[in-house]
Amino acid sequence: MKNSIDTMTYWPSKIKTPEDIPADIKTDEAGSGKNYSILFPPLPFQFIKDKNKVLTLCRSGIEYAEQGLINFLDFNDISSIEWTSALLKGILKIYHSKRTYQINFNSCRNDYIVPFVESFRERKAVSKIEHGKSFYHCRELEFLIKQNLKLFNITGDTISSNDKIQKFFYQQPFAANDKQLPFFAKFFSSYLILGLENEWIFIKEDKQKTTKAGTYGWVKQFIHKDMVENIALNTAASPKFMVFNLKGNYDFKLPVSEDNIVKTDLLMQ
């Protein structure tokens, strides 16, 4: 029992009073009881020692606080949010106009991340969505039930019936040779791109494959369409890839197999 309790000290926790805030952090918004605030303690056994971090959900953005730093991140200045979950590893990346903020956490409390992601998607605080959404059966993507049930299930946990899919692109796993190492094939994981009315959503494996072995987690990335400056296809590279150029000098690349290139035209229209 003691080992379980010790492990839980590294889990994210809710901040309800000023006493819940570590002494090394100063924050304007957390601890008042009015806002949704989460403490992310540093995880053990990390190569680079991390710090206590606090995220607080405000009406028009997110307050980020750590030792010696406190910044307010307006939703309109955030280009993208990326959420990774693989076994017990959780990572939240906030791509802000000035810099990228990364929070490493124990994914046992993935439910604490949902309000931040959903508020970013709505560009306003929606902290009542604390326990996630009920599963949504995406009829447009039923072909994935046979081709990639994992991505189908993740998608059903990500969007709701209010989200109207206007475009989608599915990339199945594939292998490609590197131009510099033509005799060695690299395997690339499957992913799904969803084009909704106001945003793009990427749903991917938790990492690119180096073998045919499966992966255990997922990466969800949310991008507002008004933050996308350009979408292009690089056919000179091997493998070929799509690149989403975002405000804030962020470029996100997605590998594309030869037999799928023609389908990328729909996304770029």
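**View 1. Strands β7 and β8 of the predicted model pair in the antiparallel sense over 7 bridges.** Strand β8 covers residues 100–106. Leu-92 has Ile-103 in β8 as its bridge partner. A hairpin is formed by β7 and β8, with 3 residues between them.

**View 2. Strand β6 (residues 78–86) is joined to β7 by 8 bridges.** The two strands run antiparallel. Tyr-95 in β7 is the bridge partner of Ser-80. β6 and β7 also form a hairpin, here with 2 residues between the strands. Leu-87 lies in this turn and has a positive phi of about 55 degrees.

**View 3. Strands β15, β16 and β17 form an open sheet.** The order of the 3 strands is β15-β16-β17, and their pairing is antiparallel. β15 (228–234) and β17 (250–256) are the edge strands, each pairing on one side only. On average, neighbouring strands of this sheet are turned by 15 degrees against each other, direction ignored. Between β15 and β16 (residues 240–246) there are 6 bridges. Asn-245 in β16 stands opposite Asn-230.

**View 4. Helix α4 spans residues 149–158 and contributes several buried residues.** These buried residues are Leu-151, Phe-152, Ile-154, Thr-155, Gly-156 and Thr-158. Their cover includes the helices α2 (114–122) and α3 (144–147). Strands also take part in covering them, among them β9 (167–171), β12 (191–195), β13 (199–205) and β14 (218–224).

**View 5. Thr-27 sits in the loop between β1 (13–14) and β2.** Thr-27 counts as buried because its relative accessible area is 18%, and buried means under 20%. The side chains of Thr-27 and Glu-63 are joined by a polar contact of 2.4 Å. Leaving aside residues up to four places away in sequence, Thr-27 touches Ile-21, Glu-63, Ala-65 and Ile-70.

**View 6. Leu-43 belongs to the loop between β2 (36–40) and β3 (53–57).** Leu-43 and Tyr-10 are 33 residues apart along the chain, and their C-alpha atoms are separated by 5.9 Å. Tyr-10 is also one of the residues that Leu-43 touches.

Conventions
Residues numbered from 1 in each chain as written. Predicted model: local features only at pLDDT ≥ 70, side-chain atom pairs only at ≥ 80, totals over all residues. Heavy atoms only, no water. Buried < 20%, exposed > 50% of the residue type's maximum accessible area, 1.4 Å probe, protein only. Helix = DSSP H or I, 4+ residues; strand = E, 2+ residues; numbered from the N terminus. Contact = heavy atoms within 4.5 Å. Pairing = 2+ DSSP bridges. Axes fitted to C-alpha atoms, helices over the stretch in contact; angles between N-to-C directions. Polar contact = N/O pair within 3.5 Å; in protein donor to acceptor, adjacent residues only side chain to side chain.
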